[in-house]
Amino acid sequence: MIYLPFQFQLFNQTWHVRAARQHEITDLGLCNPDELEIIINNQNPESMTHTLTHEIVHAIEQKLQLELTERQVDLLSLGLIDLIRSNILIFDYINKEENEQ
């Protein structure tokens, strides 16, 4: 069993992330916007990173009613992972700018 209980803020709402219970979901992950919850199945760490990011993109996509395809969500997820890993300081800058306004 994986340990994933945490939460994040998105559009002024608190989302919860947790590990799936045995046989709870058949996919790698699930975004449930009605419950503000993301559920992740047990996987290797790299796959879990991709799945979590994928489901967060779904959360954004569903809240903004973008109607993206699974392929679009998946490719955006890969791009975000690369952006975050390659440019962590950009998030410090974005955070700093918001706090100074």
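A search of the whole structure, a predicted model, finds four salt bridges. A salt bridge here is a side-chain nitrogen of Lys or Arg within 4 Å of a carboxyl oxygen of Asp or Glu. Arg18, Arg21, Glu24 and Glu37 are linked in a network of such bridges. Arginine 18 pairs with glutamate 24, and their closest N and O atoms are 2.5 Å apart. Glutamate 37 also bridges to arginine 18, with closest N and O atoms 2.8 Å apart. This pair links distant parts of the chain: glutamate 37 lies in strand S4 and arginine 18 in strand S2, 19 residues apart. Arginine 21 bridges to glutamate 24, and here the closest N and O atoms are 3.3 Å apart.

Burial was assigned from relative accessible area: buried means under 20%, exposed over 50%, and partly exposed in between (1.4 Å probe, protein chains only). Arginine 18 has 18% relative accessibility, so this residue counts as buried. Glutamate 37 is buried as well. Glutamate 24, at 29%, is partly exposed.

Residues are numbered from 1 along each chain as its sequence is written. Local features need pLDDT of at least 70, side-chain atom pairs count only at pLDDT 80 or more, totals for chains, interfaces and linings use all residues, and side-chain values use heavy atoms, with hydrogens and water left out.

Next comes the sheet. Helices (H or I, at least four residues) and strands (E, at least two) are DSSP runs, numbered from the N terminus. Two strands pair if DSSP finds at least two bridges between them. Four strands form an open sheet in the order S1-S2-S4-S3, with mixed pairing. Strand S1 (6–10) and strand S3 (29–32) are the edge strands, and each pairs on one side only. From one strand to the next, the twist averages 20°. Its angles run from 0 to 180 degrees between N-to-C directions, and the axes are lines fitted to C-alpha atoms, for helices over the stretch in contact. S3 and strand S4 (residues 37–40) run antiparallel and are joined by four bridges. Leucine 30 stands opposite isoleucine 39 in S4.

Most residues other than glycine have a negative phi. Phenylalanine 11 has a positive phi, near 55°. This residue sits in the loop between S1 and strand S2 (13–19). At 43% relative accessibility, phenylalanine 11 is partly exposed. Histidine 23 also has a positive phi, near 65°. The loop between S2 and S3 holds histidine 23. Histidine 23 is exposed, at 74%.

Rings of Phe, Tyr and Trp (its six-membered ring) pair if their centres lie within 6.5 Å; planes under 30 degrees apart count as stacked, over 60 as edge-to-face and the rest as tilted. The ring centres of phenylalanine 8 and tryptophan 15 are 6.0 Å apart and their planes lie at 15°, so the pair is stacked. Both residues are buried.

The surface carries a nonpolar patch. Patches are made of residues with over 30% relative accessible area and no salt bridge; like charges are joined within 9 Å, nonpolar side chains (Val, Leu, Ile, Met, Phe, Trp, Tyr) within 5 Å. This patch has about 810 Å² of accessible area, and its members include Leu80, Ile90 and Tyr93. Areas come from the Shrake-Rupley method with a 1.4 Å probe; for residues, only the protein chains shown count as cover. Helix H2 (70–86) and helix H3 (88–100) each supply at least two residues. H3 gives the most, with six. Isoleucine 90 lies in helix H3 and is partly exposed, at 39%.
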